[in-house]
Amino acid sequence: MCGIVGYLGEKNSKKILLDGLKELEYRGYDSAGIAVLQNGEFSNYKAVGKLVNLEEKTKNYETKGFAVGIGHTRWATHGKPTELNAHPHLGESSYVVHNGIIENYAELKKELINNGTVFLSQTDTEVIVHQFEKNLQTAQTAFDAFSQTISELDGAYAVLLVTASEPDTIFFAKHGSPMLVGVNDENEKYFASSDTPLIGHCTNVNYFEDGDFGYVTSDEMMIMAQDGTKKEAIFSKLTQNKLSAQKDGYRFFMEKEIYEQSDVIADTLMGRVGDEEIIFDELDSNLFDGINEIKLCACGTSYHAAMSASYLFERYSKIKTSLEIASEFRYRSPIMSKDTLFVVISQSGETADTLETLKMAKNAGLKTLVICNVDNSSMVRLADACILTRAGIEKGVASTKAFATQVTVFWMMSLYIAKLRKSISDADISKQVSLLREIPTHVKVSDEMHERIKRLSKRYLHGHGFFFIGRDIFYPLALEGALKLKEISYLHAEGYPSGEMKHGPIALADPELFTIALLPEHLHYEKSKSNVEELSARDSTICAISSREFDKADDFIKIPTCKDYMLEFFEMMIVVQILSLEISIRLGNDVDMPRNLAKSVTVE
Ligand code: M6R
């Protein structure tokens with residue numbers, strides 16, 4: 001996830017900006033840069049990779065006395081992680097840094113290019129600085145030009161801009177991406193996209209609200225609300241605990257990442273969900289030419305996301321879809337035919353088993369696609385095509401938001417292919433597209449729901465095992481729920497198809513066998529209900545998750561009524577993630593770094 005810092009004051013700006021960026025390293029990035037305006041002159045440095053590269057580039061650069069400066073760590077979304085794509089982006093005499101996504105950047109860019117503007121990067125961000133400079137030509141003040149620019153942007157952003165025309169000012173805007181400003185007794189101003197860079201420099205901070213924009217100088221802070229009315233800053237005390245600031249006050253990174261899912265899914269959808277269809281600018285339209293089968297290959301959580309894709313692809317895209325566990329695939333003698341699109345799924349893009357299968361598919365001459373969270377990873381570099389999931393860095397070893405964004409991508413992909421193959425009507429695609437837009441709302445965690453699950457979790461700290469059960473696409477969700485629980489609680493858990501329990505596992509049923517039953521209202525409800533009743537009749541302890549009341553359960557977690565089974569899928573995903581989290585916390589385990597596990601498995 002990208003990070004922003006800004007500084008206005010008399011101290012060593014270079015050091016303050018680089019130190020600030022270091023504090024944001026934990027969020028993940030693939031390039032970084034700073035721009036400092038001092039004595040009417042800009043200095044700008046950018047580097048790909050880790051911050052040491054930027055430090056090396058700036059080692060002979062000194063800043064003494066008053067300056068304004070901005071800095072950025074970039075996690076690539078539009079365009080590769082290169083120096084040209086790294087922020088800050090330059091216009092004629094202004095620089096900008098930006099977090100988020102400008103949805104209408106393509107239209108703005110087209111217009112600017114038609115008027116002779118030359119773009120250096122592939123990013124959406126660069127339009128902001130050019131648009132500002134275009135407006136500056138006719139505006140009375142730089143702030144007027146900035147306000148006009150902000151009103152022309154659609155999407156999510158946190159923006160800092162510095163310009164030679166107002167050399168003692170930093171302009172800011174926030175809409176949908178976090179940003180705060182800190183002050184102290186020395187008339188300095190510090191900006192950042194999260195608390196940590198400000199700790200030790202500021203005592204009081206103002207968290208901007210969506211729609212806020214304005215500017216700061218040494219003596220002034222002007223904040224405007226979206227409707228153009230002036231606002232007063234509301235200062236609060238800044239925490240002095242860095243680790244807890246990194247976790248944004250959550251107890252564990254996993255918890256923070258569960259709560260982030262609404263935002264990151266919105267990022268995943270952004271620019272890809274058209275009025276009535278799915279747009280993947282990153283895919284060549286001929287990728288699916290001559291393809292009669294899709295083979296999905298992955299490990300762990302990514303494999304579960306792949307399994308959910310197999311249901312969606314066959315249901316909507318009407319294309320034959322097969323599924324492979326990477327560690328198995330690589331050591332058998334698979335038949336690979338050229339009419340198969342080979343798709344690997346990986347959060348990290350580095351998992352050794354998955355990477356190897358990608359190499360095998362390439363060697364066999366298959367077209368390849370990777371669904372990945374990390375640009376420039378080994379898999380992204382190797383595959384013919386790539387869709388980035390845009391989940392931002394995931395620190396918790398137990399994957400949560402990566403899974404959520406993978407499933408979102410697959411739902412979008414199933415409709416994209418359906419459109420190409422005309423496998424379902426345009427009206428049905430359009431209906432699905434509007435459902436997709438609702439995911440971010442359905443994955444918002446309510447305090448009430450969290451509290452209920454937390455209370456229930458105390459009943460599930462022992463027993464001789466858990467069965468997570470579901471049918472259809474809720475089966476991969478059951479597998480994922482069980483994986484989450486075993487990874488962080490060390491309790492034995494299995495995911496099972498509901499209808500398969502009677503073929504063996506039901507023999508285990510007794511009060512100490514915990515069944516977590518996924519009962520979606522909109523998909524095979526009656527069938528799944530009968531399967532749970534069979535277990536209930538044999539005295540298994542049942543925790544049912546559904547929007548419909550279910551009286552055969554010992555515990556019941558009610559999700560809101562949804563319009564579609566896929567929205568129920570995302571609601572239940574949140575429930576199983578939080579249930580695992582709370583059980584693990586009660587057991588006193590290290591949620592973020594469970595024993596014996598690594599975040600990225602780069603060995604066999
Ligand atoms: O980076 P990848 O998605 O390729 O990783 C695959 C698995 O190692 C990973 O999903 C693992 O199962 C997680 N710990 C699940 O929470």
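Predicted model: local features only at pLDDT ≥ 70, side-chain atom pairs only at ≥ 80, totals over all residues.
Reader: Between which domains does the ligand lie?
Author: Domain bounds here come from an automatic or database domain assignment. Both domains in question give residues to the shell, so the ligand lies between domain 2 (253-441) and domain 3 (445-586).

Reader: How many residues surround the ligand, and which are the closest?
Author: By class, the shell has four nonpolar, eight polar and two charged residues; nonpolar means Ala, Val, Leu, Ile, Met, Phe, Trp, Tyr, Cys and Pro, charged means Asp, Glu, Lys and Arg, and the others, Gly among them, are polar. The count is 14, and the closest are S302, S346, Q347, T351 and E487.

Reader: What share of the ligand's exposed area does the protein bury?
Author: Polar contacts (N or O atoms within 3.5 Å) include a polar side-chain atom of S302 at 2.6 Å from a ligand oxygen and a backbone N or O atom of T301 at 3.1 Å from a ligand oxygen. A ligand nitrogen is likewise 3.1 Å from a polar backbone atom of V397. Taken alone, the ligand exposes 410 Å² (Shrake-Rupley method, 1.4 Å probe). Of that, the protein buries 90%.

Reader: Which strands stand at the edges of the open sheet of eight strands?
Author: Strands count as paired if DSSP finds at least two bridges between them. The order is β3-β2-β4-β1-β10-β9-β11-β15, with antiparallel pairing. Each edge strand has a single partner, so one side of each is left without a neighbour in the sheet: these are β3 (41-48) and β15 (235-237).

Reader: In β4, which residue stands opposite A32?
Author: Strands β2 (residues 31-38) and β4 (residues 67-74) pair in the antiparallel sense over seven bridges. Opposite A32 stands T73.

Reader: And in β7, what is the bridge partner of V97?
Author: An open sheet of seven strands runs β5-β6-β7-β8-β12-β13-β14. There, β6 (residues 94-102) and β7 (residues 155-163) pair in the antiparallel sense over nine bridges. The partner of V97 is L160.

Note on methods
Residues numbered from 1 in each chain as written. Heavy atoms only, no water. Near = heavy atom within 4 Å. Polar contact = N/O pair within 3.5 Å; in protein donor to acceptor, adjacent residues only side chain to side chain. Helix = DSSP H or I, 4+ residues; strand = E, 2+ residues; numbered from the N terminus.
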